[in-house]
Every structure is written in C-alpha cells, then in structure tokens.
Number of protein chains: 2
Amino acid sequence: MYEGVVQDLIDELGRLPGVGPKSAQRIAFHLLQADATDVRRLADVLVEVKAKVKFCSTCFNVSEEEQCRICRDPRRDPTVLCVVEEYKDVVAIERTREYRGRYHVLGGAISPLDGIGPDQLRIRELLQRLADGEVTEVILATDPNLEGEATATYITRMLKTLGLRVTRLASGLPVGGDLEYADEVTLGRAFAGRRSADD
Amino acid sequence: MYEGVVQDLIDELGRLPGVGPKSAQRIAFHLLQADATDVRRLADVLVEVKAKVKFCSTCFNVSEEEQCRICRDPRRDPTVLCVVEEYKDVVAIERTREYRGRYHVLGGAISPLDGIGPDQLRIRELLQRLADGEVTEVILATDPNLEGEATATYITRMLKTLGLRVTRLASGLPVGGDLEYADEVTLGRAFAGRRSADD
C-alpha cells in the first residue's frame, strides 16, 4: 500500500523480533519525520556492528577483538569457568560484580523441539578448554528452565570423569524464567549459594 | 555494560518509538547473529528512505517525486478534497477503495497541550488550494477524537465563507480511537454516510 521505499522500510523493520506490522509502520513514520542525521547514525551503527563485532575465539563472548575483554583481563581467575547460554547472560552476571572468573558461551541450550542438540552448542570447545587442567571449577549458569536444566545435566555427565568441581547456580532464581531477567541481588545470591551438580 | 558498538546499537534502537530497553537489547542480539547482508539491507533502506522520500508539494503526502502518485493521477476527481492528519490516514482511506478524490495532509491535529496550534498545521496551504474554486467539496477526515474534532471544527469555521460543501466522516467510526486502526468496512461505511459539518 505504501510507496516504494517506504514499504521496503516497513518490511525490513517488520522482520525484527518483537516488531509487528503496526509497530513497523509506526517506527517507519517516525523515521520519515526524524532528522536525517539521526537516521544516518542508526544506519551507520548497523553497518559498524556487523563489521566490528566478532565472537571471542576462546569463550565465544561478543568481542571487537580476537579475544574478549574478560578473556584478556589478567585479573580474572583462570581456575573458575562459568558456562552460560548466551552473551546477554554474561552481561547479566557481570552486572552483579560477584563473579571474578571467566566464561564459556554455549550459544543456546539443548532443545530437541527446535532441533538444537549438544552438537549445535559449543560443548566440544568447552571440553577442549578444560583439557589442560587449569580450570578447577565449572559453574553451570544455564537458564533455570527446561532447556537450561537439560543442558546442565548433559554437561555435568560429560564432565564427571574430569575430576572437576561442577556447580549449578543456587535456587533463588525463579524457576521457569530467563536468567537475564533476574535482578542483581537475586542473581548475586544464587552465585553465593551455588550447589554441587550431582545432588 | 555492553562493549562499545553493541551498546551504541542498543542506544540507537532504544530511541525508536515503542522500543524499550529490553526490546532494544533483544533486537540488537538478533542483529548480531543475523546475516550480514540482511543487516546491510536494513541499513541501506534507512539511508535510501531519507534520500528519496520527500513530501508532495501539493498535498504533503509522502512521495518519491515532486508530486505524489495521487496528485499526478488524472483519473482522481479534482473537485473533492479529503483532509487528513497524517500520511498513514491516506493509506488507510486508499485501502477502502471508496474514495476517488484527492487529499490534503495537515501534518497533525490541533493540540494545545502539545503546543500544536493551527499555524503548525498546513491549513494556510489548504486555503490556498481552495482559492481557485475547482474544489467543491471538502471532506474532513481527521481522527474521531478530541484533537481531530477540534481541528475539524476549526477548519469548518475557516471554510464557511467559501461556499463549499464541507463534510465530516459519518459516525460509525469508534469514538475516541485512531482513524488508522479502523477496519476497511467501517471506514468505507463512514465515507458513504458522511454528514454536513454544520450539524
């Protein structure tokens, strides 16, 4: 219904997650009336983010360098590794300022319905990182929901023979929710009260 | 909390209407994992839309040319003029396929609380268009809410001396709502049952 490029813009915006047709329209009209330099800045940062942002070759966290800020930081404890599903979980945990170890980002959770099995996650890379014996504790900080628990159980089983301490975040996190939505205090307490993955 | 350009992207997305901080984050992570060509296409269309899209010099509808598609179309009735608040209202009315006249886009509605008076709208340009006497009917299709009714009343008063037929869309539109959200049938009926602006 809209003229050429306006419809193209609405279509492109409508492909973003959580943006329905009406929202896409509203955003498009806002951009039509917005300052050209503001729109240009959004366009530039989109191009820049794809050009600059890579994934850390060690922990698969988002990074603008070969290794991420956390892996490069010599003050971080190299003997503790926190395994999370996504980059946003790293950010949520960093916000608590309770954790001084390093991370491993799996890239999701085991979810047979979505066709995601252990091979689609960075579990092999996790085992490779643990091979040299420097890490003595692995904290499984996957989401406290079905997929996250399944992933934690699977990884616990894989690590059983390595003689590591394997822990889960304490209950205290609301069950069935997403880790990223926990408030800092709850997430901080869950870190402090983490339990052995066997019981 | 996020690294450089990722935070920039979240900030820019968060400035869009209806996109809160959590939505901005979700969209940013989606874009981080999306195909670079998809993100590039969104960036390109943003630049293109600002470069190409102007406002019609006659009716102030959105247009890629000096005059919009509707003003250029010789099959449109030049004696009927439909006055709307915004470009999206033109699109909503075109969708009914009931109307074959032309448009005038005011650019909003009178709203003293938002500092929008008659001088901020394209009412002077409307009077200039009506000066040559070609238009014999003006349909006031502003939103059926407080601001839209006030705008219609104001314009009706301005046009009183010109000897035109001035009409409002029929009731049938849900009162207190926005014109753009009406379904095609309701909006079509409202066109068919339009009433004189005096009663």
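Guide: Handedness comes first: a crossing is left-handed if the near helix is turned anticlockwise from the far one by less than a right angle, and right-handed if clockwise. Helices (H or I, at least four residues) and strands (E, at least two) are DSSP runs, numbered from the N terminus. This is a predicted model, in which local features need pLDDT of at least 70, side-chain atom pairs count only at pLDDT 80 or more, and totals for chains, interfaces and linings use all residues. Residues are numbered from 1 along each chain as its sequence is written, chains are lettered from A and ligands numbered from 1 in the order in which they are written, and side-chain values use heavy atoms, with hydrogens and water left out.

Visitor: Which hand does the crossing of helix 1 and helix 2 of chain A have?

Guide: Helix 1 and helix 2 of chain A make a right-handed crossing. Axes here are lines fitted to C-alpha atoms, for helices over the stretch in contact, and angles run from 0 to 180 degrees between N-to-C directions.

Visitor: What about helix 3 of chain A and helix 2 of chain B?

Guide: The axes of helix 3 (residues 36-52) of chain A and helix 2 (residues 21-33) of chain B come within 9 Å and cross at roughly 50 degrees. These two helices are therefore oblique to each other, and the crossing of helix 3 of chain A with helix 2 of chain B is right-handed. A:Leu46, A:Val49 and A:Lys50 make the contact with B:Leu31, B:Leu32 and B:Gln33.

Visitor: On to sheets. What is the strand order in chain A?

Guide: In chain A, five strands form an open sheet in the order 4-3-5-6-7, with mixed pairing. Strand 4 (101-105) and strand 7 (195-196) of chain A stand at the edges, each with a single partner strand, so one side of each has no neighbour in the sheet. Two strands pair if DSSP finds at least two bridges between them.

Visitor: How many bridges join strand 3 to strand 5 of chain A?

Guide: Four bridges join strand 3 (residues 77-84) to strand 5 (residues 137-140) of chain A, and the two run parallel. A:Val80 stands opposite A:Glu137 in strand 5 of chain A.

Visitor: What lies across strand 3 and strand 4 of chain A?

Guide: Helix 5 (residues 87-96) of chain A does, running at about 160 degrees to strand 4 of chain A.

Visitor: And chain B: which residues meet where helix 6 crosses helix 7?

Guide: The axes of helix 6 (residues 123-130) and helix 7 of chain B come within 12 Å and cross at roughly 35 degrees. B:Ile123, B:Leu126, B:Leu127 and B:Leu130 of helix 6 of chain B contact B:Tyr154, B:Ile155, B:Met158 and B:Leu159 of helix 7 of chain B. By class, that contact has eight nonpolar, no polar and no charged residues.

Technical notes: Contact = heavy atoms within 4.5 Å. Nonpolar A, V, L, I, M, F, W, Y, C, P; charged D, E, K, R; others polar. Parallel < 35°, antiparallel > 145°, perpendicular 65-115°, else oblique.
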